[in-house]
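Okay, everyone, let's talk about aromatic rings today. Have a look at the model, and then I'll walk you through a few pairs.

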Amino acid sequence: MSGLRFKKWPIIMKIMAISAISIAFISGLNLFYFVPLIESRVVDARQNEIRNLVSMAHDIFDEYEVDVRKSQVTREDAQTRAAVRIKQLRFGENNYFWINDSNYRMVMHPTRPDLDGLDQSGFKDPTGKFIFKEFVDASRRDGSGFIEYLWPKPGTTLPVKKIAFVKLYEPWGWVIGGGVYVDDIEKDLRQLRIILMTGTAIFAIVTLSVAWIIGINITRPLHEVMQGLEEVAEGQTGVTLAKRIEITATDEIGLLTSKFNELMESLHRLSVFKKVIEEDASLEQVYMRLHWVFTETIGITDCVIYEISASGGGMRQAYPVTIHDEELFCNPEILSDCELCKAKRTGHIIDSTTFPSVCTMFQNPDGSRIHYCFPIIVGGGTTGVILFRAPRPASLEQARQTRARIGKAEHYINESLSVIETKRLMGNLRESSLRDPLTGLHNRRYLQEHMDNLVASMTRRKKSIGVIMCDIDYFKQVNDVHGHHAGDLVLKETATRIGKSIRETDVVIRFGGEEFLVILLDINGGESLEVAEKIRRNIEGTRFKVSEGTLEKTISLGISEFPDDSGTLWECIKFADVALYRAKDQGRNQSVRFIREMWSESQV
């Protein structure tokens with residue numbers, strides 16, 4: 001349970017708690033391990049110091065013994081000189097050397113000269129220890145040794161604990177000793193403890209201060225990030241999405257802050273983008289902006305937006321504007337049968353990086369390209385497909401960058417779905433006003449509204465527009481003989497046959513009565529006559545079903561082409577109408593290509 005409670009603590013409390021525990025652990029380690037260890041080492045060091053000093057003083061005897069052996073001085077004289085010399089030696093404020101012999105007689109004591117020459121075998125300290133007897137016994141037994149006893153400091157009478165080291169000089173039978181008072185060692189240890197405690201306290205203060213500063217520097221940007229995310233989650237858009245957090249570090253917190261700023265910038269751009277497309281007049285403008293974002297902002301250079309036809313049978317390339325079949329990313333068969341498009345059929349993303357040949361409609365003969373297809377699903381159905389194409393990545397880093405760009409594009413697609421659904425609904429309502437209610441074909445109003453865009457697009461691409469004016473031969477007889485209901489059936493079937501004779505991207509318009517206008521987009525010069533003949537043959541071979549049986553009808557067609565015949569599309573329509581009347585005059589059921597002489601004749 002305590003672990004669960006700790007998980008719920010704020011980060012700064014966790015940092016401070018961990019710091020406090022660390023300080024307590026280090027303090028306990030110092031107090032119960034390092035301090036005793038250091039004290040022990042200090043005591044050992046002082047004892048070693050005494051041993052070394054006594055040994056150095058001990059060596060003085062050898063110097064004078066050499067003179068004795070050389071007969072330069074007598075032994076008594078050498079001993080006197082050595083005792084005087086050692087009497088003058090000091091180490092520390094209260095420390096000195098003394099000499100007694102192996103018979104317990106004091107040879108020299110610098111602070112108690114009253115003991116010199118006297119037998120000290122019965123001398124005891126306040127605890128009852130025979131001090132000099134122990135000096136001699138330790139020297140005889142081991143040659144040297146440490147003795148603890150009580151002895152007053154110089155100038156005082158109160159005995160205190162002292163540790164002495166004594167060493168026997170056998171040639172003379174002397175024992176030299178030196179010691180250190182334990183309270184002097186303890187004084188040094190107290191200073192050491194104060195230093196350690198002060199250092200520990202400073203360490204604790206510094207550690208807690210640094211932990212607090214680190215905690216504040218961590219939690220402040222985290223709180224700002226959380227506040228920003230809460231505002232986004234609560235729908236506080238607008239100015240809030242323009243919020244940015246100042247980056248004050250280059251560590252993980254700085255990286256988190258940077259990523260948050262990137263997120264807010266991305267959300268801000270998405271919000272602005274959505275507002276812009278909401279204000280666009282048509283679905284085509286939304287597609288155009290999406291395409292611009294993909295290519296100019298995100299960096300996906302190859303992308304196509306397909307739109308499923310209202311009938312659901314075919315699809316068209318909504319943006320960029322229609323191009324030749326050989327320039328399509330996919331097999332052109334999908335334009336007439338949208339079920340061949342795997343993204344449309346399945347309703348989920350198609351990613352060729354997971355399986356190179358995942359969609360057989362994608363045109364990639366040399367295998368150098370990958371593709372992602374996103375279905376546009378609105379109102380429970382797929383209304384379009386957005387295809388992205390990119391070079392096959394040569395490294396993991398390139399693959400990551402491509403995936404990141406596709407991920408950004410997906411955000412924009414998802415953000416656009418509600419707008420696309422609204423625009424599509426509005427477009428359908430508007431489209432109904434641009435459609436002939438009987439045949440379902442576009443009407444003259446549609447032509448008036450879209451003619452400028454069609455002309456501008458083909459002019460920019462340096463392509464031609466074919467204009468075919470069609471008129472059912474002897475249509476009035478159908479109404480007169482079989483009734484208007486039969487006439488309506490003939491009109492609807494004629495519209496269907498014309499539609500099946502052209503491409504999905506071409507436009508068929510009911511121009512009036514039994515007249516139909518076909519606009520062929522993106523053609524080469526001379527192709528219009530071939531299409532017109534195809535229409536004529538299809539109508540000629542059709543058996544029109546009416547209540548009394550079947551009818552056979554023919555159709556006359558007049559053809560012109562923009563811009564070869566005229567610089568304006570309306571004039572080309574007029575020229576096609578002139579060519580249509582020429583076909584009527586020449587016996588009907590034929591296709592006539594407009595030539596300039598026909599227009600001159602009409603002026604006569």
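So, how many aromatic pairs does the count come to? Rings of Phe, Tyr and Trp (its six-membered ring) pair if their centres lie within 6.5 Å; planes under 30 degrees apart count as stacked, over 60 as edge-to-face and the rest as tilted. By that rule we get 20 aromatic pairs.

Quick housekeeping: this is a predicted model, where local features need pLDDT of at least 70, side-chain atom pairs count only at pLDDT 80 or more, and totals for chains, interfaces and linings use all residues. Residues are numbered from 1 along each chain as its sequence is written, and side-chain values use heavy atoms, leaving out hydrogens and water.

Take Phe-61 and Trp-174: they're edge-to-face, 5.6 Å centre to centre with 80° between the planes. Phe-61 sits in helix α2 (residues 11-69) and Trp-174 in strand β5 (residues 174-181), so to speak distant parts of the chain, 113 residues apart. Helices (H or I, at least four residues) and strands (E, at least two) are DSSP runs, numbered from the N terminus. Both Phe-61 and Trp-174 are buried; buried means under 20% relative accessible area, exposed over 50%, partly exposed in between (1.4 Å probe, protein chains only).

Next, Phe-146 and Phe-165: the pair is tilted, because the centres are 4.9 Å apart and the planes at 55°. Phe-146 is partly exposed at 30% relative accessible area, while Phe-165 is buried at 4%.

And there's a cluster: Tyr-96, Trp-98, Phe-123, Phe-132, Phe-135, Tyr-149 and Trp-151 form one aromatic cluster.
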